[in-house]
Amino acid sequence: MTFETIKPHLPWITLLALVAVVGVMNDNFLRPANLLGMAAEIVPLFIMALGLTFVIYIGSIDLSAQSMANMITVIASVYLVTLGPWVALLCAVAGFGLGMLSGYVTTRLLVPSFISTLAVGGVAFSLAQWLSGQRALYMDAAQRNETFGWMIGTTASIPNELLIALALLLIALFVERRTTLGRALKAVGAGELAATASGLNVARVKMLAFAISGMLAALAGLLFAVKLSGGAPTIANGFLLPAIVAVLVGGTPLTGGVGGVVNTAIGVLIVAVIRSSMVYFGIDATQQQMVFGLVLIAAIALTIDRAKLRTVK
Amino acid sequence: MSTSASDTAAQGRVAMQQTRAFRRPSRETLIRWAPLLVLIALVVVFTAINPAFLSLRNFGRIAIASTPALMVAIGVTFIIVMGSIDLSMEGTIAVCACVFAYFFLSWGGTLLSTAWVAIPLTLLLGAVLGLLNGLVHVLLRIPSFMASLAMGFVGIGLAILITRGEKFLIEDEVFRGLVTYRVLGFPIMVYLALAALVVAWFIQSYTRLGRNFYAVGGGEELAHASGLDVRRVRVMGFMLAGVFYALAALFAVGRLGVAESVSGANFMFVSITSVVVGGVALWGGIGGVWNALVGVLIVNVINNGMVVIGLPDFLQDGVLGFLVIVAVVLSTDRRSVSFVK
């Protein structure tokens, strides 16, 4: 049994091991209420990571996800009054459109994705500041409860956020496993040149991956805005790092091609356990960045497929 | 008959190519001079809209704002010339600024005492952080953009650990003289930054290390085949960049008189934008520290000019994002790139 044979199983082994260790040290940790609360807490991050999975799966990266979510919290807060429930559609379309823009710039204008998404993130940040007038915004509590209250309620003592997360996971899983787009994404992730040679419209597939990422980042922002009942241009800062960490520790490498949305679900749970255990061990919330930065390096080093990188730039 | 016809056609083509070359400067020339032309055009436009833009006072303001950014841009230029990228500057600057302020304050709090030791110490620290960055990238064989992004997050966390969320205030008049003491209208730190630029130019053009950066950026496999220790050059590049980030940290603290965990905030976006807009190709091998200077000036002239002509400052990130895309598109030789990630 070599490392390569257990590598695909590492994510869930890590998750079980972490849960066991933390469970032994902290009696409260394994109580169902605690586990449910912990899982519900992480849902906006999960939705963002779910979108990022598609982009990382094709070997690209989306650094605009956090700015996108920031911008959407502002849009949701500003337009809830006039649009009511339709604001959700506006958010999804805005996310899809800006994601598509990143994809266009990457594939048609040949700008590497980490630069194109950084730039689109800058555009989103400007939009957010312009719309918000550089202030924190608050939703009208009554209107929020009437329109989006269902998002943060509970059904049979299960938080609705978890049900939303599950529904999105199933849709994403369907797209990944049962649609031509999913197969095309796999082909592009496994080898872009081969996919092009097979007659696949690679540019279109990649643009759609960025658009999906943008849309899910927008939904993450919307849910976050509803939870906090407001928005601001920097409110979701701190999402990007754990979201990328979640995708990578889940087992979707930066080089793409393997892994997928189920892996990301496991990865997000790993992040959630690490987070709550850090809180339990008294590690300050601001220190989490440092831990996640180190976890990120370890996760990339373990998962990346070096055969795909001719030179490591 | 058929040969002479094709000869004539060939001659015609050559003639056409010659006239085209005469009418239009070559792609390389255009890319080389475009950033400078853009800078001049921006100055002309802003001056036309508001003549107050073209004053020594305002240029002093632009120069002060540009100084820390120029140091970061020079550092990252070395990395981009190698074809890599470094996104760790926000963390490195934050750690350097906080460590500097901590020791500066605890060793006397004024440049005239032993506290000056904090300055070389900070430069050394920058080199060590850059070294770590390079080692993570090279030894673990992780793409540099991700290795450095992660190390940047670690750096910011470290800075929070050092400051515990507090701010360090540096009120020493001698150290703040960097920005308050002016010669010919510009503060001393602007001259120091220009001196650092000349040093960087010397390293780039007249040292073996500097030439090796271009060898790696121009074609890593060829450089390796020629017997160059590419991994060593990469690590050295990140170390050198770290020293310049440390300089940026010193100037940033000197400029504001404050060191805190967010001292490095926004330097990543601005410096990468500057370098790329200045004409350093992301693919490596093209451009240098003078491009970094022009790029930093373009970005800061835009930032300053937008305020001077009365546009809201929140448009800046959007405008810069747009600019960086245009710059990358213009500098990409589309024939040589088959696909990008």
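Mentor: A salt bridge is a side-chain nitrogen of Lys or Arg within 4 Å of a carboxyl oxygen of Asp or Glu. Keep in mind that this is a predicted model.

Trainee: Which residue meets the side chain of B:Arg234 in a salt bridge?

Mentor: The rule asks for a nitrogen and a carboxyl oxygen within 4 Å. Here the N to O distance is 2.4 Å. The partner of B:Arg234 is B:Glu220.

Trainee: Is B:Arg234 buried or exposed?

Mentor: Buried means under 20% relative accessible area. B:Glu220 has 15% and counts as buried. B:Arg234 has 2%, so B:Arg234 is buried.

Trainee: How many salt bridges does a search of the whole structure find?

Mentor: The search covers all chains. One of the salt bridges joins B:Arg234 and B:Glu220, and another joins A:Arg177 and A:Glu176. The total is four.

Trainee: What area is buried between chain A and chain B?

Mentor: The size of an interface is often given as the accessible area lost when the parts come together. The contact takes 47 residues from chain A and 49 residues from chain B. Carbon and sulfur atoms give 72% of the buried area, which is about 4400 Å².

Trainee: Which residues in chain A lose the most area to chain B?

Mentor: Three residues together account for 17% of what the chain A side buries. They are A:Leu110, A:Val312 and A:Lys313.

Trainee: How many residue pairs are in polar contact between chain A and chain B?

Mentor: Salt bridges across this interface number zero. The count of residue pairs in polar contact, both at pLDDT 80 or more, is two.

Trainee: Which element gives the most to the side of chain A that touches chain B?

Mentor: The elements of chain A that give two or more residues to this side include helix H6 (87-107), helix H13 (240-249) and helix H15 (288-303). By class, this side has 28 nonpolar, 13 polar and six charged residues. With eleven residues, the element that gives the most is H7(A).

Trainee: Which residues touch the most other members of the largest nonpolar core?

Mentor: That core has 202 residues. Beyond four places away in sequence, B:Met71 touches residues including B:Ala193, B:Phe244 and B:Phe251. The residues that touch the most other core members are B:Met71 and B:Met146.

Trainee: Which residue has its backbone nitrogen 2.7 Å from a polar atom of the side chain of B:Gln204?

Mentor: B:Gln204 is in helix H8 (residues 188-206) of chain B, and B:Gln204 is buried at 9%. Among the residues that B:Gln204 touches, leaving out those up to four places away in sequence, are B:Phe78, B:Tyr214 and B:Val289. The backbone nitrogen is that of B:Val289.

Trainee: How far apart in space are B:Phe168 and B:Ser261?

Mentor: B:Phe168 lies in strand E1 (residues 168-169) of chain B and counts as buried at 15%. Residues that B:Phe168 touches, not counting those up to four places away in sequence, include B:Cys98, B:Tyr102 and B:Val258. B:Phe168 and B:Ser261 are 93 residues apart in sequence, and their C-alpha to C-alpha distance is 9.8 Å.

Methods. Residues numbered from 1 in each chain as written. Chains lettered and ligands numbered in written order. Predicted model: local features only at pLDDT ≥ 70, side-chain atom pairs only at ≥ 80, totals over all residues. Heavy atoms only, no water. Buried < 20%, exposed > 50% of the residue type's maximum accessible area, 1.4 Å probe, protein only. Contact = heavy atoms within 4.5 Å. Buried area = accessible area lost by both parts, 1.4 Å probe. Polar contact = N/O pair within 3.5 Å; in protein donor to acceptor, adjacent residues only side chain to side chain. Helix = DSSP H or I, 4+ residues; strand = E, 2+ residues; numbered from the N terminus. Nonpolar A, V, L, I, M, F, W, Y, C, P; charged D, E, K, R; others polar. Core = buried A, V, L, I, M, F, W, Y, C linked by side-chain atoms within 4.5 Å.
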